[in-house]
Amino acid sequence: MSEDDRAGEFGPIYLPVLQRIRNLWLELEPLVEETSCDNVVAPTELQISLTDGLGDADTARFDIQWSELRMYSFYYIDSEGRNWRFDRHPNTHSPEIHFHPPSDAAAVAAEPSCIDVTEVSLVTRAVHAMWRAAYENNDVEHLNSASNPP
């Protein structure tokens, strides 16, 4: 995600929450191949690598940020170049909690997110549930269509 997409304070990354998110993904998703942080000394994101992706994608990855101010980004990218993300951060182009649809996650255009919860475990479970439903149904059109998941 581009810093240009944010207006206002995102806050420092909260490492204990990234560790909780990692543990939840390991518990929930059998396709997790590897987890890592982008920087061992001062991590800014958690990376969750998957052995499969949506549609024809052979692999996929989530780049996840969670700040001390409870702002977040769950950014999906796969081997086919498909990308989308669920975000919570101040900006000038959409509600604070929003969704960037496939394959426009890098663009400024966003829509309100179907995820209304803000607690870390619930947000993580909701993003996972939306991804898993799209994966099992081979349908990215409904990534942001649930009624307040999880």
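My entries below take up the overall fold, then the core, then the surface and charges.

Entry on the fold. I am working with a predicted model, and I began by counting its elements, finding 2 helices and 7 strands in the protein. Reading along the sequence, I noted the pattern α-β-β-β-β-β-β-β-α.

Entry on dimensions. I looked up the box filled by the C-alpha atoms, which is roughly 35 × 35 × 25 Å along the principal axes. The radius of gyration is 14 Å, which agrees with the value near 15 Å that a compact globule of 150 residues would have. Among contacts between residues at least 6 apart in sequence, I found that 46% join residues at least 24 apart.

Entry on the core. Which residues have the most contacts inside the largest nonpolar core? I listed Ile21, Phe62, Ile64, Trp66, Phe74 and Trp84, in a core that has 32 residues. At least two core residues come from each of several elements, including helix H1 (15-28), strand E3 (60-66) and helix H2 (120-137), and H2 gives the largest share, 7 residues. I then followed Ile21, and, leaving aside residues up to four places away in sequence, I saw that Ile21 touches Leu46, Ile64, Trp66, Phe74, Val120 and Thr124.

Entry on surface and charge. Buried residues make up 45% of the 150 residues, while the accessible surface comes to about 7100 Å², of which 46% belongs to carbon and sulfur atoms. Finally, I noted 10 positive and 26 negative side chains, with the centres of the two sets 7 Å apart.

Note on methods:
Residues numbered from 1 in each chain as written. Predicted model: local features only at pLDDT ≥ 70, side-chain atom pairs only at ≥ 80, totals over all residues. Heavy atoms only, no water. Core = buried A, V, L, I, M, F, W, Y, C linked by side-chain atoms within 4.5 Å. Buried < 20%, exposed > 50% of the residue type's maximum accessible area, 1.4 Å probe, protein only. Helix = DSSP H or I, 4+ residues; strand = E, 2+ residues; numbered from the N terminus. Contact = heavy atoms within 4.5 Å. Rg over C-alpha atoms; globule rule 2.2 N^0.38 Å. Areas by Shrake-Rupley, 256 points an atom, 1.4 Å probe, with all protein chains shown as cover. Lys, Arg positive; Asp, Glu negative; His and termini not counted. Charge placed at Lys NZ, Arg CZ, Asp CG, Glu CD.
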